[in-house]
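Subject: Structure handover

Hello,

Here is the structure I said I would pass on. My notes on its sheets and helices follow below it.

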Amino acid sequence: MHRLLVLLGCLLALPLSAAPSVVFINPGKADEPFWRDAADAMQLAADSLGMQLEVLYAERDYLAQISLTREVAERAAELQPDYMVIAADKRTLPQQLSLIQAAGIKTLSAYNAVQGDERPLVGYPREHFTHWLGSVVPRAEDAGVLTARALMAEAEQRGWLSAEQTLDVIAISGDRSTDSSVRRNQGMLDAFAARPQVRVRQVVHGDWQRDKAAQQALHLFRRYPDVRAIWTGSDLMAFGAMQALREQGVEPGRDMLYSAVNASEQGMQKVIDGQLTALAGGHHMAGAWALVMLYDYHHGVDFADSEGTELVQPMFTLFTPQLAQRYIALLQPGAAPTDFCTFSKACNPQRDDYDFTIGTWLELGYE
């Protein structure tokens, strides 16, 4: 009842207008779990907030991100969206913003922050690129820290890590250049460095690909046969590593500890089954939170006035088997839809700060 009253109050308080339209340039593949989940979360938010959403997939081709942005920018004025969301993936931000500025489409970037060498090119939101409203990105370091600490805690419990016992780890990162990948890796390295008894034998880059990570895991395990834990930057890469080493008789969760990042249903199931020791997720919601911010902006509540233009938000949580079961339940057909108006400042004038943690979203589903 409370959620219904909040939604009704939101609808009555805001002026009637045409539903704002948004185009999201999705850098991933349409069948890629993380980026599909990201688009699905955005659609849930759009449906809840009465927004029109169009998702265009770049299929992991950074040039396609630019060409898709150009296609939207060059549409006839009446066919252009009110807003765009871009992922600032693989250093495409400067070119995308240039195209968007020429078209005059208001835009939020999400998922990845501006990197140091990009700052001279793009400046800050609403300065050189006046239609770039701002950005919302997950605090990516949290994913690395949470998963690394969970691996060490489990290794300690098993007697694989102690003051006298060294734990050998290998890491399969996403890529070398994406902001979220770089910061995720740094969080992981910092967490492991805090324990002198942990040795990170090698860090490789799997480029988010399951098959490539499988080959890397097999090669590294042969090079470092004493490794007892594998940290990975995504669930798909963890699955590839698991499969490759299982074929060598190394059982996940029994002989080797694995960690991963992402909130896919398959990943949740592996947490429940004990194959994944640690899974951090929630950052796939960044696009959905971007829609909440655009919704507020569209209705006269500018996030820049209270929180600035570049938001770095805690979005990750470490999924226990219990939380994983709750998450899966919320994804099932017939589950009550989330009221994203709850997270909006336009709907809730008393809200001072945004709360974009997935933990709050999970709790909301069980009210």
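**The parallel sheet**

Val22 has Tyr83 in β3 as its bridge partner. Please keep in mind that the model is predicted. The pair belongs to a parallel pairing of strand β1 (residues 21–26) with β3, made over 4 bridges. Tyr83 also stands opposite Lys106 in β4. Strand β3 (residues 83–86) and β4 are likewise parallel, over 4 bridges. Of the 5 residues in strand β4 (residues 106–110), 4 are buried, which leaves the strand mostly covered.

These strands are part of an open sheet of 6 strands in the order β2-β1-β3-β4-β5-β11, with parallel pairing. At its edges are β2 (52–57) and β11 (310–313), each of which pairs on one side only. On average, and with direction ignored, neighbouring strands of this sheet are turned by 20 degrees against each other. Helix α2 (residues 33–49) lies across β1, β2 and β3 and runs at about 170 degrees to β2.

**The mixed sheet**

Another open sheet of 6 strands has mixed pairing and the order β7-β6-β8-β9-β10-β12.

The partner of β7 is reached through 7 bridges: strand β6 (residues 167–173) and β7 run parallel. Val169 is paired with Val200 in β7. Helix α9 lies across β6, β8 (229–232) and β9 (257–261), and its direction is at about 155 degrees to β9.

The buried residues of α10 are Gly267, Met268, Lys270 and Val271. They sit on the same side of α10 because they cover an arc of only 160 degrees around the axis. Which elements cover these buried residues of α10? The cover includes α9 (235–246), β10 (278–281) and α13.

The packing of helix α10 (residues 265–273) with helix α13 (residues 321–331) has an angle of about 145 degrees and an axis separation of 9 Å. The crossing of α10 and α13 is left-handed. On the α10 side the contact involves Glu265, Met268, Gln269, Val271 and Ile272, and these meet Pro321, Ala324, Gln325, Tyr327, Ile328 and Leu331 in α13. Sorted by class, the contact of α10 with α13 has 8 nonpolar, 2 polar and 1 charged residues. Just after α10, Gly274 has a positive phi of about 85 degrees.

**Helices α6 and α7**

Helix α6 (residues 141–158) and helix α7 (residues 179–193) have their axes 6 Å apart and pack at an angle of about 35 degrees. Their crossing is right-handed. From α6, the contact takes in Glu141, Ala143, Gly144, Val145, Ala148, Arg149, Leu151 and Met152; from α7 come Arg183, Arg184, Gly187, Met188, Ala191 and Phe192. By class, the contact of α6 with α7 has 8 nonpolar, 2 polar and 4 charged residues.

Regards

Note on methods:
Residues are numbered from 1 along each chain as its sequence is written. This is a predicted model: local features need pLDDT of at least 70, side-chain atom pairs count only at pLDDT 80 or more; totals for chains, interfaces and linings use all residues. Side-chain values use heavy atoms; hydrogens and water are left out. Axes are lines fitted to C-alpha atoms, for helices over the stretch in contact, and angles run from 0 to 180 degrees between N-to-C directions. Helices (H or I, at least four residues) and strands (E, at least two) are DSSP runs, numbered from the N terminus. A crossing is left-handed if the near helix is turned anticlockwise from the far one by less than a right angle, and right-handed if clockwise. Contact means heavy atoms within 4.5 Å. Ala, Val, Leu, Ile, Met, Phe, Trp, Tyr, Cys and Pro count as nonpolar, Asp, Glu, Lys and Arg as charged, and the others, Gly among them, as polar. Buried means under 20% relative accessible area, exposed over 50%, partly exposed in between (1.4 Å probe, protein chains only). The arc is that of the directions from the helix axis to the C-beta atoms. Two strands pair if DSSP finds at least two bridges between them.
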